[in-house]
Amino acid sequence: MENRILKTVLSTILLLVTLTSMQAQSVSEEVDLLQSLYGMEKKALLSEFLGSTVDDAFWTVYDAYEMERKELGKDRIYLLTSYVEDYENIKGTKADELIKKAERLNKSQNSLISKYTKKVRKVVGSEIAAQFYQIEHYLLIATRAEIFENLHVICEIR
């Protein structure tokens, strides 16, 4: 499963980098497509991992989670796209603004996972909730690590 997750993360990053060179309307459409593909792959991974231990109640909660996660994901993709396009000129208040936006997104993502971990626990129990929590954080950390490995550091050229 770990190799499959890493392939999913790497594919997501590759598509994200590709997005930075597209027109705004095209980017929106590509983001939707990217998120749809990533979401389907994640669901297939979870289904494979959890197997028959979950029922429709879990998938109903999971689908609601994915809807909210995708909205945060769009915000993160747009923030990263903006960063990639202008990282050489990020100074002063623009750097502060970037940090604030990134912090808000991180807090929102962690809150969302916690919120849905509780909902998952109510419908399928603590063990599956713990697995959901672990998988979501693993994917989040792996994705962030891959992104940071491929981003230039602010002001590194100076």
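Glu66 and Arg69 both belong to helix α3, 3 residues apart, or about one turn of the helix, a helix here being a DSSP run of H or I with at least four residues, numbered from the N terminus. Glu66 forms a salt bridge with Arg69, their closest N and O atoms lying 2.7 Å apart, where a salt bridge is a side-chain nitrogen of Lys or Arg within 4 Å of a carboxyl oxygen of Asp or Glu. Glu66 is buried at a relative accessible area of 6%, and Arg69 is buried as well at 9%, given that buried means under 20% relative accessible area, exposed over 50% and partly exposed in between, with a 1.4 Å probe and protein chains only.

This is a predicted model, in which local features need pLDDT of at least 70 and side-chain atom pairs count only at pLDDT 80 or more, while totals for chains, interfaces and linings use all residues. Residues are numbered from 1 along each chain as its sequence is written, and side-chain values use heavy atoms, with hydrogens and water left out.

Lys42, Glu66, Arg69 and Glu136 are linked in a network of salt bridges. Lys42 is buried at 2% relative accessibility, and Glu136 is buried at 4%.

Conventions
Helix = DSSP H or I, 4+ residues; strand = E, 2+ residues; numbered from the N terminus.
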